[in-house]
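Here are my notes for when you open this one up. Have a look at the picture first, then go through the points.

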There are 2 protein chains.
Amino acid sequence: MAVGLSQLPTLYPVRGIRLAVGSAGIKYKDRPDLVVIEIAPGSQAAAVFTRNRFCAAPVTVARKHLAQTSPRALLINAGNANAGTGDLGLAHALTCCDALAEQLGCKGEEVLPFSTGVIGECLPVKPFVDALPACISRLSASGWADAAHGIMTTDTVAKGVSREFELEGKPATITGIVKGAGMICPDMATMLAFITTDAAVTRNVLQECINQSVMHSFNRITVDGDTSTNDSFVLLATGQGQAPLIDSVDSVEFVQLAQVVAQVTTELAQAIVRDAEGATKFITINVTGGVSEAECLEVAYTIAHSPLVKTAFFASDPNWGRILAAIGRAKIPELDVRSVSIYLDEVKIVSQGAVDVEYTEPRGQAVMDRSEINLKVDLGMGPAAACIWTSDLSHDYVQINANYRS
Amino acid sequence: MAVGLSQLPTLYPVRGIRLAVGSAGIKYKDRPDLVVIEIAPGSQAAAVFTRNRFCAAPVTVARKHLAQTSPRALLINAGNANAGTGDLGLAHALTCCDALAEQLGCKGEEVLPFSTGVIGECLPVKPFVDALPACISRLSASGWADAAHGIMTTDTVAKGVSREFELEGKPATITGIVKGAGMICPDMATMLAFITTDAAVTRNVLQECINQSVMHSFNRITVDGDTSTNDSFVLLATGQGQAPLIDSVDSVEFVQLAQVVAQVTTELAQAIVRDAEGATKFITINVTGGVSEAECLEVAYTIAHSPLVKTAFFASDPNWGRILAAIGRAKIPELDVRSVSIYLDEVKIVSQGAVDVEYTEPRGQAVMDRSEINLKVDLGMGPAAACIWTSDLSHDYVQINANYRS
C-alpha cells in the first residue's frame with residue numbers, strides 16, 4: 001500500500017559495480033535474503049551510520065573496516081539484524097566478511113557487512129557462508145533490481161532511483177537502492193541505502209557529499225520515531241566514468257554531483273516514507289518563520305510523532321486541533337501562539353493562533369481526503385525553515401508490528 | 001477494557017464540598033456533561049495547569065481567577081475543550097463563570113472553568129448556561145460518583161480515590177476524581193483532576209503540597225506523548241475537619257498530609273494509564289543506575305513513547321530488541337551499552353548490553369502474557385532512579401482516535 005510509489009524504475013548499471021543475490025534462508029525461506037555488491041579496485045567509499053548506542057555488530061565492523069581501507073565488497077543480509085548480540089555477534093560478522101573475501105580474493109577488512117531484521121537473535125553463520133559461492137557466480141552489472149528486492153524486510157515494494165547526468169559535459173551515472181519501512185527516525189541514516197556513481201571523487205570530497213545530502217534527505221524523515229540499531233548509508237564512486245576527478249568541494253563538478261546526489265537521496269528517503277509500515281498518506285511538513293532551523297525541526301517532529309495527529313491523518317479527519325496541540329507542546333520557549341498560522345495544502349486553517357474566519361470543515365475535509373498532503377506551519381517569528389516527510393498511523397501499522405517479529 | 005481497575009470505590013463526602021451534574025447536551029446527548037463543585041467560604045485552593053502554549057481559554061481564565069481570589073466553585077464541561085478558539089473562547093468561558101456566579105451568589109472571578117473534549121470548536125454557551133439552574137438545585141455532599149462520571153470523555157470507567165486519614169491524631173478526609181485516557185503526556189498535570197480535603201491548609205503550603213505530589217504522579221505517566229491543551233489539577237482544602245491549620249511545610253501534619261496526597265495522586269495517575277485509550281497492559285518502567293533523575297526519565301520516556309515497544313507489549317511479544325533499540329537512541333551521551341541490564345518482572349533479559357545467558361524465549365513469553373508488567377532498566381552508571389507508568393499501543397487506540405473526534 002505504498003503511497004504514490006510506482007514500479008521500480010529502470011536502474012542503470014554503474015561501471016565498476018556488480019551485484020548478485022543469494023538465498024541463505026535465515027528468516028525468509030522463499031526469496032533471496034543475501035546481497036553482494038562487488039566494487040572495482042580504485043573506487044572510493046563514504047558512509048554514515050546509526051547513532052543508536054546499541055549499534056549492531058555489522059555497523060561496528062563496517063565502521064572499523066572503512067577506517068582501515070577502501071571496500072571491495074558490501075555484504076548485506078535481510079531478516080536478522082545481528083544487534084544486541086555482544087561479542088559473538090561481532091565474531092559472526094567478521095566470519096561472514098572473511099568468507100566473502102576468500103571467495104572474491106580480497107581481504108576481510110575490504111568487505112563491509114550490513115544486516116537488518118530481528119534484533120537480539122544470533123546470526124546463523126553456516127547457511128550464510130554456504131550460500132555465498134552460488135551468489136557470487138551470478139555477479140552482474142545489471143543486478144540492481146534483484147538487489148533492491150533482496151535487501152527488503154517489511155518493505156512492500158523495492159525502492160531505487162537512477163539518473164544519467166553530466167559532470168562538466170561528460171556523461172555520468174548514479175544508481176541507488178534503499179530499504180526501510182519501520183523503526184525510522186532521523187537521528188542519522190535511518191535505514192540501509194547504497195548509492196553508487198561512476199564519477200571519480202576523492203574520499204574526503206565524497207564524505208562531504210554524503211554529509212551534505214543526508215541532512216536534507218534521510219535525516220528528514222520519520223515513520224515512528226524509532227531509530228534503528230542498524231542504519232547505514234554508503235555512497236560509492238567507482239571513477240570508471242568519463243568525467244574528471246572531483247577533488248575539491250569548491251569545483252563546479254562537485255556542485256553538479258552534490259545536486260544529483262541530493263535529488264537521489266531525497267527521492268529514496270521519500271520512498272521509505274511512501275512505503276512506511278501501514279502508510280495510507282504521504283505527508284510533507286513545512287515549518288517556516290522560526291528563529292532557527294532547529295526550532296522549525298522541533299515543531300515539525302513534534303507534529304510528525306504525535307499519535308493523535310497521525311491517526312487523524314489516517315482517518316482523513318480535519319481535526320486540526322491536534323496539530324495545534326502538538327505545536328503548543330513543542331519545546332519552543334518563546335513561541336507566541338498569536339503569531340502561528342497553519343495551512344493544509346491551499347486551505348488556511350489557523351490565523352493568529354485561532355481558527356481562520358474563512359475556514360470551513362468541508363474545505364479541510366477536501367484536503368484530508370487526499371493521499372498526499374502538505375502541512376505548512378508558520379511560526380511568525382523569524383526567517384528559518386525546515387521540511388520533513390512522514391506517514392500516518394494506521395491499523396496496519398499496529399497489525400504489522402504486533403504480528404511480525406521485526 | 002481498563003487494566004486492573006475495579007468499580008469506582010466509595011468516595012467519602014468532604015465537609016465544605018457539594019457537587020452536582022447537569023446535561024447541556026453539547027456533545028454527549030444521553031449523559032450528564034456538566035459538573036459543578038461548590039466550595040465553602042474559607043477554603044484554600046492550589047492548582048497546576050498545562051504548559052502547552054496553546055492552552056485552552058478555560059485554563060487562561062482559571063489561572064487568572066485563581067490569582068485574584070479563592071474560588072467558590074469549579075465549573076467543568078466534557079465534550080468541548082474551548083481551545084484554539086481565540087478571544088471568542090475567552091469571552092465564552094467568562095460568560096459561563098458569570099452565569100454560575102449569579103446562580104450561586106458569588107463573583108465571576110470566584111468560579112474556575114475547566115473544559116475537555118474536541119479542540120477548535122466553538123463552545124455553545126446558551127445550552128451550557130440554560131442547564132445550570134437545574135444542576136445547582138441538585139448540589140449535594142454525596143455527588144462525587146456522579147461527578148466522576150460527568151467529567152469523562154473517552155474514559156471507559158469513572159475514576160476516583162478516597163481516604164480517611166489522621167493529622168496529628170485528628171480525623172481528616174481526602175477525595176479526588178480524575179478524567180483522562182488519551183492526549184496524555186507528562187509535561188504537567190496531563191488531564192483534569194480535582195482533589196479535596198477537609199484539612200485546613202494555608203494557600204502557600206497547599207501549593208507546595210500540589211507541586212510535590214504532581215512530580216511523582218501526574219508528571220510520571222504517558223499514554224501517547226501528547227500533552228493536552230486543557231490539563232488542570234486542582235487541590236482544595238476546606239478547613240472544615242477537626243485537624244488544626246497546617247501553615248508550615250516543616251510541620252509533622254504537612255508530612256502526613258503530603259503523604260496522603262501523594263498516595264491519592266499516584267493512584268489517580270495510575271488509573272488514567274489503566275484506562276488509557278485501547279490499553280490492554282499496564283506497564284511500570286523503572287530506570288535505575290543513572291547519573292541524574294533527568295537521565296533516567298529520558299530513557300524511561302524514550303521506551304514508553306516507542307510505537308514499536310508499545311505494539312510489542314500489545315502483542316505480548318517478548319521482542320526485547322525493541323526495548324534495547326529505544327534505550328540506545330535515548331539522549332544519554334555517556335551511555336555505555338556494556339553496563340546496561342534489562343529485566344521484565346523477575347526475568348533478566350539483558351546483561352552487560354547483550355542477551356543474558358540464562359534468558360530463554362519461554363521465560364520472556366511468560367512475563368509478556370501478563371496484563372501488568374514491570375520493566376526495569378539498570379544503566380549501571382550512577383545512583384539516580386525514576387519510575388513512570390504507561391500503556392500499550394493497540395488496534396483500539398487507532399480505532400478510538402481515527403473514529404472519534406476527540
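1. Start with confidence, since this is a predicted model. Within chain A, the lowest mean pLDDT belongs to strand β9 (residues 221-222), at 78, while helix α4 (residues 132-136) has the highest, at 97. One stretch of chain A to watch is residues 186-190, where the pLDDT is below 50. Even so, that stretch has 29 contacts in the model beyond near neighbours in sequence.

2. Taken as a whole, chain A has a mean pLDDT of 90, with 96% of its residues at 70 or more. For the complex, the predictor reports an ipTM of 0.74 and a pTM of 0.81.

3. How many degrees of rotation superpose chain A on chain B? It takes 180 degrees, with 0.0 Å of shift along the axis and an RMSD of 0.0 Å. That is how a two-fold axis relates two copies. Within chain A, His395(A) comes closest to the axis, its C-alpha being 3.0 Å away.

4. Now the interface: 100% of chain A's interface residues are interface residues in chain B too, so the copies meet through the same surface.

5. Chain A is assigned two stretches, domain 1 (17-274) and domain 2 (282-403). Their C-alpha centres are 33 Å apart. Ten residues from domain 1 of chain A and eleven residues from domain 2 of chain A make up the contact.

6. What does the side of domain 1 of chain A that touches domain 2 of chain A have, by class? You'll find three nonpolar, five polar and two charged residues there. α7(A) gives the most to that side, with three residues.

How values were computed: Residues numbered from 1 in each chain as written. Chains lettered and ligands numbered in written order. Predicted model: local features only at pLDDT ≥ 70, side-chain atom pairs only at ≥ 80, totals over all residues. Least-squares fit on C-alpha atoms with pLDDT ≥ 70 in both. Contact = placed C-beta atoms within 7 Å. pLDDT = per-residue confidence, 0-100. Helix = DSSP H or I, 4+ residues; strand = E, 2+ residues; numbered from the N terminus. Domains from an automatic or database assignment. Nonpolar A, V, L, I, M, F, W, Y, C, P; charged D, E, K, R; others polar.
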